[in-house]
2 protein chains.
Amino acid sequence: MKLPATTVARLSKYRRMLGSFNYENTYIFSHNLAKLLNLTPEQVRRDLMLIGLTGNHRKGYNIKELIELIGKTIDSEMGHNVAIVGMGNLGVAITAFIRRAKTNLNIVAAFDIDSEKIGRKVEDVTCYHVNDITDIVKNLNISIAVLTVPPGEAIDVATLLINSGIKGILNFTSVHIDVPSHVYLKDSNIITSLEEIGFFIKEWDKK
Amino acid sequence: MKLPATTVARLSKYRRMLGSFNYENTYIFSHNLAKLLNLTPEQVRRDLMLIGLTGNHRKGYNIKELIELIGKTIDSEMGHNVAIVGMGNLGVAITAFIRRAKTNLNIVAAFDIDSEKIGRKVEDVTCYHVNDITDIVKNLNISIAVLTVPPGEAIDVATLLINSGIKGILNFTSVHIDVPSHVYLKDSNIITSLEEIGFFIKEWDKK
């Protein structure tokens, strides 16, 4: 199914928002869902139509059906196997964060270069040496890597991951990573986000 | 200056990328900068024209000038005062991450509810009780909050921050936060990002 990245991100948000309700036999109108997420009803209806769902005019969308269909659309049946690469503060915190959220993402490995960590479990995930990335990615069928290494290591480690056959990278470093067209890269750049916020509130202050 | 959020994010990236060079008296062509960041030269030229910079046809852009002008455009003169709200693993890790990056963002306070942390310094930042947000935000002139509290606390704490006069929020929780139009919200949703990556690599696998 061809869907824009922005639609996929919104579907993920619809599910998360509606999942917090007690939704047995409950319906929701597009305008209510839109209001909860600061979107327009048209946007919500368009997204849901893209995955083949149309609401009932009088009752709206069946929430259970909606959540299941979003799951069928965006989740992989077996779930994706994920590795956290770089078990400093940020890597450990993100591991805990993902494990606590209910998703079908399986964190199956962590990587670091610190011999104190290698072979141990951190947040219930075994930590391997970065040198073993190629073997472990293949053996454990890891498809997504979360990159939380120091900036100086980012390019080398990303290259290693890509050569090992990783398919997706969530990049928390401030370093620009070049990926081939068969690898999906998503940047989560904390500094860029803060600088963007900073610019807009500076502009508002001028008014 | 009116700039789209995407332009501001790219300007922040140009600066970060070029800042890593030894750039005294060095010039760069738009097509080189574009290539470093996987953009088109037209995009780079358009962004830089928006902040009033045109390159020299034979030499390109003076890197020092470019970095300074981006700073003048997106940075606030005094820097922004930032608070980290929620000093769990993720909050502590993000505090360390921001402090290590060279920016003009000043982390001046942290907030939590854990009495073990209140009054102590974590990563060199004093931790206050969430109940004191209103006073501290005003006294320390905090304009940006990084929200790293548990999901169940997100709405209440965000409301407290907004009522205290915060101007920007970087939201790391998976919870949707409603903000009034004078507050700039940026979501950094780890789960949504991973689900987006998961969807695209699942689609690629089908081919």
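Okay, let's start with how the two chains sit: rotate chain B by 180°, with 0.0 Å of shift along the axis, and it superposes on chain A with an RMSD of 0.0 Å.

Some housekeeping. This is a predicted model, where local features need pLDDT of at least 70, side-chain atom pairs count only at pLDDT 80 or more, and totals for chains, interfaces and linings use all residues. Residues are numbered from 1 along each chain as its sequence is written, while chains are lettered from A and ligands numbered from 1 in the order in which they are written.

How confident is the predictor in chain A? The average pLDDT is 92, and 99% of the residues score at least 70; pLDDT is the per-residue confidence, from 0 to 100. For the model, ipTM is 0.86 and pTM is 0.85.

Now the contact between the chains. Chain B puts in 53 residues and chain A puts in 53 residues, where contact means C-beta atoms, placed from the backbone, within 7 Å. On chain B's side, α1 (5-19), α5 (89-100), β8 (168-171), β9 (184-187) and α8 (190-206) each supply at least two residues. By type, chain B's side splits into 28 nonpolar, 15 polar and 10 charged; Ala, Val, Leu, Ile, Met, Phe, Trp, Tyr, Cys and Pro count as nonpolar, Asp, Glu, Lys and Arg as charged, and the others, Gly among them, as polar. And 100% of chain B's interface residues are also interface residues in chain A, so the copies meet through the same surface.

On to the inside. The largest nonpolar core has 84 residues, and among those with the most contacts inside it are A:Val85 and B:Val85. (A core is buried Ala, Val, Leu, Ile, Met, Phe, Trp, Tyr and Cys joined through C-beta atoms within 7 Å.) Beyond its neighbours within four places in sequence, B:Val85 touches residues including B:Phe111, B:Leu147 and B:Leu161.

A:Asn38 isn't a glycine, yet its phi is positive, near 60°. A:Asn38 sits in the loop between α2 (30-36) and α3 (41-50) of chain A. Buried or exposed? A:Asn38 counts as exposed, because it has 11 C-beta neighbours inside 10 Å; the cut-offs are 20 or more for buried, 12 or fewer for exposed, partly exposed in between.

Conventions
Least-squares fit on C-alpha atoms with pLDDT ≥ 70 in both. Contact = placed C-beta atoms within 7 Å. Helix = DSSP H or I, 4+ residues; strand = E, 2+ residues; numbered from the N terminus.
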